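Reader: I am new to this structure and would like to learn how to read it. Please take me through it feature by feature.

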Amino acid sequence: MQAKVEKEMSSAEDPLTAAASQANKEELDARSVFVGNVDYSCTPEEVQQHFQACGTVNRITIRTDKFGQPKGYAYVEFLEVEAVQEALLLNESELHGRQLKQVTSKRTNVPGMKQFRGRRPNPYMGFRARGPYMPPPFMFSPYGYGKVPRFRAPMRYNPYY
């Protein structure tokens, strides 16, 4: 069992395999479209029938939440790249009594491109300036570096506080 896990770990770290899988993902995404505003009661078979005129449909993926309810969008994967251009013409067509708002070619997810959101300041932590190094003052504070004395909260609820 240990050898099996080590084999899987070494294959995951192999850069040639990673590059091949990335190229495979890009090739799959070139044959796929994103379909927005899909009706919640729509089945993959109905989506396949709707996009059958564009080309041979390989796979339909209707995204769901953690409870199994549809999120309202789907991915359609074709066997041919040319079918994607035909599927883009079905933008704003009607499926199951609902207008498909967004039929676009699927984008390739690039790892590490997530927008960085900085941490929000926490009022309970001391202030830490993100600047160049500043030497400590000559006399150290009895409360600790970067800390300021806080007044104790009253022990009981006081409506006039």
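Author: Begin with contacts, meaning heavy atoms within 4.5 Å. Leaving aside neighbours within four places in sequence, Arg31 is in contact with Asn58, Val76, Glu77, Phe78, Leu79, Glu80, Val81 and Val84. This is a predicted model, where local features need pLDDT of at least 70, side-chain atom pairs count only at pLDDT 80 or more, and totals for chains, interfaces and linings use all residues. Residues are numbered from 1 along each chain as its sequence is written, and side-chain values use heavy atoms, with hydrogens and water left out.

Reader: Where is the place of Arg31?

Author: Helices (H or I, at least four residues) and strands (E, at least two) are DSSP runs, numbered from the N terminus. Arg31 sits in the loop between α2 (15–30) and β1 (32–36).

Reader: Is Arg31 buried or exposed?

Author: Buried means under 20% relative accessible area, exposed over 50%, and partly exposed in between (1.4 Å probe, protein chains only). Arg31 has a relative accessible area of 10%, so it is buried. Over the protein, buried residues make up 18% of the 161 residues.

Reader: How many helices and strands does the protein have?

Author: There are four helices and six strands. From the N terminus on, their order is α-α-β-α-β-β-α-β-β-β.

Reader: Which strands pair with β3?

Author: Two strands pair if DSSP finds at least two bridges between them. β1 pairs with β3 (residues 70–78) in the antiparallel sense, over five bridges. β2 and β3 form a hairpin with five residues between them, and Gly68 in the turn has a positive phi of about 90°.

Reader: How many aromatic pairs does a search of the whole structure find?

Author: A pair of aromatic rings is described by the distance of the centres and the angle of the planes. Rings of Phe, Tyr and Trp (its six-membered ring) pair if their centres lie within 6.5 Å; planes under 30 degrees apart count as stacked, over 60 as edge-to-face and the rest as tilted. The search finds three aromatic pairs. For Phe34 and Tyr73, the ring centres are 5.4 Å apart and the planes stand at 40°, so this pair is tilted. The pair links distant parts of the chain, with Phe34 in strand β1 and Tyr73 in strand β3, 39 residues apart. Phe34 is buried at a relative accessible area of 17%, whereas Tyr73 counts as partly exposed at 23%. Phe34, Tyr73 and Tyr75 form one aromatic cluster.

Reader: Which residue lies over the face of Tyr75?

Author: A charge sits over a ring if NZ of Lys or CZ of Arg is within 6 Å of the ring centre and within 35 degrees of the ring normal. Lys106 lies over the face of Tyr75, at 5.0 Å from the ring centre. Arg98 lies over the face of Tyr40, at 5.2 Å from the ring centre.

Reader: What does Ser93 touch?

Author: Not counting residues up to four places away in sequence, Ser93 touches His50, Arg98, Gln99 and Leu100. Ser93 lies in the loop between α4 (82–88) and β4 (94–95), and counts as buried at 16% relative accessibility.
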